[in-house]
Amino acid sequence: GLIRTGQGLEELFDFLRGHDDCRLSLIGVGQRAYVAELQALLKQIGIGDRVFFPNRFYSETELLDVARTCHVGIALCDTGPDNFTHYADPGKVKAYSEMHLPVVMTRISDIVPFVERLKCGEVICRGPEIGEALERIRGDYESYQVGVHRFVEYFHYDRYYREAFKVLEEVWR
């Protein structure tokens, strides 16, 4: 997707600085000036060798290949009142789940209760909580994988939309 401010990348980089055993694949495209700023930050804090950041869109096949090398999807957002994600269904969370990745996301959208109830990831309020969330997932990865499966099944296209639009079907009869 789009790489832009407000996605918690700086907090994620701070986390990586203190965790030499972690790597990040940052897939998407950003504006030239912001990408240059991020690349300079990576170099300055010395983690550029652990961050894969090609700054381009990936095909679905390429994205799946990258996902196979990952253990968790990160979906951090600015939680300020002006962020439209409060009113949106962040596709990133569902995409990570389809790629069999538990997610760490910020408490911002209506998808949060599903992530919590189905235990397919961790919901955090602030960037500094990333490490604790990742440790919880690492400590019980198999359980989160079961949660990811439940999440994908719950939102499976045929079942989910058939139920969601049942009211419309009854109106049209």
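Guide: Ring pairs link Phe114, Phe151, Tyr154 and Phe155 into a cluster. This is a predicted model: local features need pLDDT of at least 70, side-chain atom pairs count only at pLDDT 80 or more, and totals for chains, interfaces and linings use all residues. Residues are numbered from 1 along each chain as its sequence is written, and side-chain values use heavy atoms, with hydrogens and water left out.

Visitor: What makes two rings a pair?

Guide: Rings of Phe, Tyr and Trp (its six-membered ring) pair if their centres lie within 6.5 Å. Planes under 30 degrees apart count as stacked, over 60 as edge-to-face and the rest as tilted. The structure holds 4 aromatic pairs.

Visitor: Why is the pair of Phe151 and Phe155 called tilted?

Guide: The ring centres of Phe151 and Phe155 are 4.9 Å apart, and the planes stand at 55 degrees, so the pair is tilted.

Visitor: And why is the pair of Tyr154 and Phe155 called edge-to-face?

Guide: For Tyr154 and Phe155 the centres are also 4.9 Å apart. Their planes are at 80 degrees, so this pair is edge-to-face.

Visitor: What makes the buried residues of α7 line one face?

Guide: Helix α7 covers residues 141–154. Helices are DSSP runs (H or I, at least four residues) and strands likewise (E, at least two), numbered from the N terminus. In α7, Tyr144, Gly147, Val148 and Phe151 are buried. Seen down the axis, they fall within an arc of 105 degrees, so they line one face of the helix. The arc is taken over directions from the helix axis to the C-beta atoms. Glu142 and His149 are exposed on the other side of α7.

Visitor: What do the buried residues of α7 pack against?

Guide: They pack against α4, α5 (112–118), β7 (121–124) and α6 (130–139). Ser97 is found in α4. Leaving out residues up to four places away in sequence, Ser97 touches Val148, Phe151 and Val152. Contact means heavy atoms within 4.5 Å.

Visitor: Why is Ser97 called buried?

Guide: Its relative accessibility is 1%, so Ser97 counts as buried.

Visitor: How many disulfides are there?

Guide: A search of the whole structure finds 0. A disulfide is a pair of cysteine sulfur atoms within 2.5 Å. Cys22, at 13% relative accessibility, counts as buried. Cys70, at 23%, counts as partly exposed.

How values were computed: Buried means under 20% relative accessible area, exposed over 50%, partly exposed in between (1.4 Å probe, protein chains only). The expected span of a helix is 1.5 Å times one less than its number of residues.
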